[in-house]
Amino acid sequence: MTSRPYVIDEMISAKEIAARIEALCREIRKTFPSNERLVVVGLLRGSFVFIADLVRELSDRDVEVDFLEASSYGNAMESSREVRILKDLRGEIGGRNVLVVEDIVDTGYTLSHVVSLLKSRLPKRLQTIALLDKPSRREVDFRADLIGFEIPDEFVVGYGIDYAQCNRNLPFIGKVRFTE
Ligand code: PRP
């Protein structure tokens, strides 16, 4: 895939992300008892780095990891989005503690749709966590229960987030600046 020439300016360092994850896990421990198994659900593909760091910070408890892939399509005529599930969970979540992990909430369509779907399976308790939140882009009334960093409407990459499928492997969050 081709992309315009650009450079990446660091916005949130790997150290800042690590410190924030420690704080977020302290919140998660308050919600989910340590003696009950937690099903941590990552939304593919962007959440794969965040979920890897989160579950290792939660190594004091039993954690199951599962993944779900959703894709949203804009419909300019109706100013609405259709969210499709491309890959569903492998496991059951009925009656269980579930933490849904997202890299970024933008319009909010993806996570709000996924939450409705998963709640219909009657988990015992379900919470959502997003590393990044862009509230200025929101089109539906949705807020994740836990948020790593609230950011302005910038084109961000790294730590799981791509531009034209690249940069997911950067250890920090960077801002894309086009040079042409
Ligand atoms: C991105 C991101 C979120 C979603 C947020 O996924 O990872 O899942 O968009 O957007 P929304 O709040 O407007 O719905 P993308 O479709 O780019 O797929 P990816 O995770 O595979 O990169």
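1. Arg29 and Asp60 form a salt bridge, with the closest N and O atoms 3.1 Å apart (salt bridge: a side-chain nitrogen of Lys or Arg within 4 Å of a carboxyl oxygen of Asp or Glu). Arg29 sits in helix 1 and Asp60 in the loop between helix 2 and strand 3 (63-75), 31 residues apart; helices (H or I, at least four residues) and strands (E, at least two) are DSSP runs, numbered from the N terminus.

2. Before you go on: this is a predicted model, where local features need pLDDT of at least 70, side-chain atom pairs count only at pLDDT 80 or more, and totals for chains, interfaces and linings use all residues. Residues are numbered from 1 along each chain as its sequence is written, and side-chain values use heavy atoms, with hydrogens and water left out.

3. There are 17 salt bridges in the structure. One of them joins Arg177 to Asp9, at 2.8 Å between the closest N and O atoms. Arg177 is in strand 9 (residues 173-178) and Asp9 in strand 1 (residues 6-12), so this pair ties together parts 168 residues apart in sequence.

4. Ser47, in the loop between strand 2 and helix 2, is buried at 0% relative accessible area.

Notes: Buried means under 20% relative accessible area, exposed over 50%, partly exposed in between (1.4 Å probe, protein chains only).
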